[in-house]
Amino acid sequence: MEVVRVPCLSDNYVWLLHEAAPAGGSGGGRTAVVDPAEEAPVVEALAARGWSLDAVLNTHHHGDHTGANLALKRRFPGLVIVGPRADKDRIPGIDVQVGTGDTWHLGGLEVRVFDTPGHTRGHITYWVPQAASLFPGDTLFALGCGRLFEGSPQQMWTSLSQLAPLPDDTLVYCAHEYTQSNARFAVTVDPGNAALAQRKAAIDAARARGEPTVPSRLGEEKATNPFLRPHDPAIRQQLGFDAAAPDWQVFGAIRAAKDRF
């Protein structure tokens, strides 16, 4: 599977997913777009590669993730819009409703679904195991996680806990370029983490060169992202928690500190 980054709005990343053509076959595979914020950049990226569009995959209802749904549906006859069953009434043009345990197919590629509420009540995440690729929308960011607009800390921690066991080499294609600001916060709650300090320096250098920092690897998120590390004794000590506190409570304190940062 080929994945193409399409920058939109001020800091959104929309992702094109293109199935490779069968070996020895003619023509291209099928193409989907994850969370299309705007029509024009998506159409331009498709045209540059000679691709059509078969599907939209929405992670949640926010306008910077669904803004081009209906325009793309008009432009590409037969296009299917896939989105969360738990939030079907807020996904423009939804055709296929999915949730935890469901698998949707992009040609021969399996796209597995997790319900990951917290940022919104109906958020979902897509995982393509054959391509080691995760599309978590605004649930998991590089060195961060989404704000809790409609969910609780316990709910969001449960959602993230579904993603953490996936293989370390999984590529995390999150939906925003927030990594540098997330890194500035992360070192305040995990100041003794050498891997985090090294990653922050690399992120600062990449952004100074105008380079994107997404995707990341899930393994490096588990090693450096404080929102996946509320069990860590050093983070707990930094925030004033002992070993008896539940992980979700420490997670909630990290999220509250980021909201104030």
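These exercises work through strands, cores, loops and a pocket in one structure.

The model is predicted: local features need pLDDT of at least 70, side-chain atom pairs count only at pLDDT 80 or more, and totals for chains, interfaces and linings use all residues. Residues are numbered from 1 along each chain as its sequence is written, and side-chain values use heavy atoms, with hydrogens and water left out.

**Exercise 1. Strand pairing at one edge of a sheet**

Task: Find the order of the strands in the open sheet of six strands, and describe how S7, S8 and S9 pair.

Solution. 
Step 1. Helices (H or I, at least four residues) and strands (E, at least two) are DSSP runs, numbered from the N terminus. Two strands pair if DSSP finds at least two bridges between them. Strands of a sheet pair through backbone hydrogen bonds, either parallel or antiparallel.
Step 2. Read the order. The open sheet runs S7-S8-S9-S10-S13-S14, with mixed pairing. Its edge strands are S7 and S14 (216–217), each of which pairs on one side only.
Step 3. Start at S7. Strand S7 (residues 103–106) is antiparallel to S8 (residues 109–115), and four bridges join them. Trp-104 stands opposite Val-111 of S8. The two strands make a hairpin with two residues between them, and Gly-107 in the turn has a positive phi of about 60°.
Step 4. Move on to S9. Strand S9 (residues 124–128) pairs with S8 in the antiparallel sense, again over four bridges. Here Phe-114 stands opposite Thr-125 of S9.

**Exercise 2. The surroundings of S3**

Task: Which strands pair with S3, and in which sense, parallel or antiparallel?

Solution. 
Step 1. Take S2. It pairs with S3 in the antiparallel sense over four bridges, and His-18 stands opposite Thr-31 of S3.
Step 2. Take S4. It pairs with S3 in the parallel sense over three bridges. The bridge partner of Val-34 is Leu-57 in S4.
Step 3. Look at the two faces of S3. Thr-31 and Val-33 on one side, and Ala-32 and Val-34 on the other, are all buried. Buried means under 20% relative accessible area, exposed over 50%, and partly exposed in between (1.4 Å probe, protein chains only).

**Exercise 3. The nonpolar cores**

Task: Which residues of the largest nonpolar core touch the most other members?

Solution. 
Step 1. Define the core. It is a set of buried Ala, Val, Leu, Ile, Met, Phe, Trp, Tyr and Cys residues joined through side-chain atoms within 4.5 Å. In soluble globular proteins, nonpolar side chains tend to be buried together.
Step 2. Name the residues. The largest core has 23 residues, and Trp-15, Leu-57, Tyr-126 and Phe-135 touch the most other members. Strands S2 (12–18), S3 (31–34), S4 (55–57), S7, S8 and S9 each supply at least two residues of this core.
Step 3. Note the other core. It lies apart, has 22 residues, and includes Leu-140, Leu-228, Val-250 and Ala-257.
Step 4. Follow Trp-15. Leaving aside residues up to four places away in sequence, its contacts (heavy atoms within 4.5 Å) include Ala-32, Val-33, Val-34, Phe-135 and Pro-215.

**Exercise 4. Backbone angles in loops**

Task: Are Leu-9 and Leu-143 buried, exposed or partly exposed?

Solution. 
Step 1. Leu-9 is in the loop between S1 (2–8) and S2. Its phi is near 50°, a positive value in a residue other than glycine. Leu-9 is partly exposed, with a relative accessible area of 48%.
Step 2. Leu-143 is in the loop between S11 (140–141) and S12 (144–145). Its phi is positive, about 65°, although it is not a glycine. Leu-143 is buried, at 0% relative accessible area.
Step 3. The peptide bond from Val-214 to Pro-215 is cis, with omega near 10°. Pro-215 is in the loop between H6 (194–208) and S14.

**Exercise 5. Cys-145 and the largest pocket**

Task: Which residues lie nearest the centre of the largest pocket?

Solution. 
Step 1. Define a pocket. On a 1 Å grid over the protein atoms alone, it is an open set of points where a 1.4 Å probe fits, with protein on both sides within 12 Å along at least five of seven lines; lining residues have an atom within 4 Å of a point.
Step 2. Name the residues. Of the 15 lining residues, Phe-141, Cys-145, Gly-146, Arg-147 and Tyr-178 lie nearest the centre. Helices H5 (179–189) and H9 (247–260) are the elements that give two or more residues to the lining.
Step 3. Examine Cys-145. It is found in S12 and is buried, with a relative accessible area of 5%. Among the residues that Cys-145 touches are Asp-138, Met-156, Phe-251 and Arg-255, not counting residues up to four places away in sequence.
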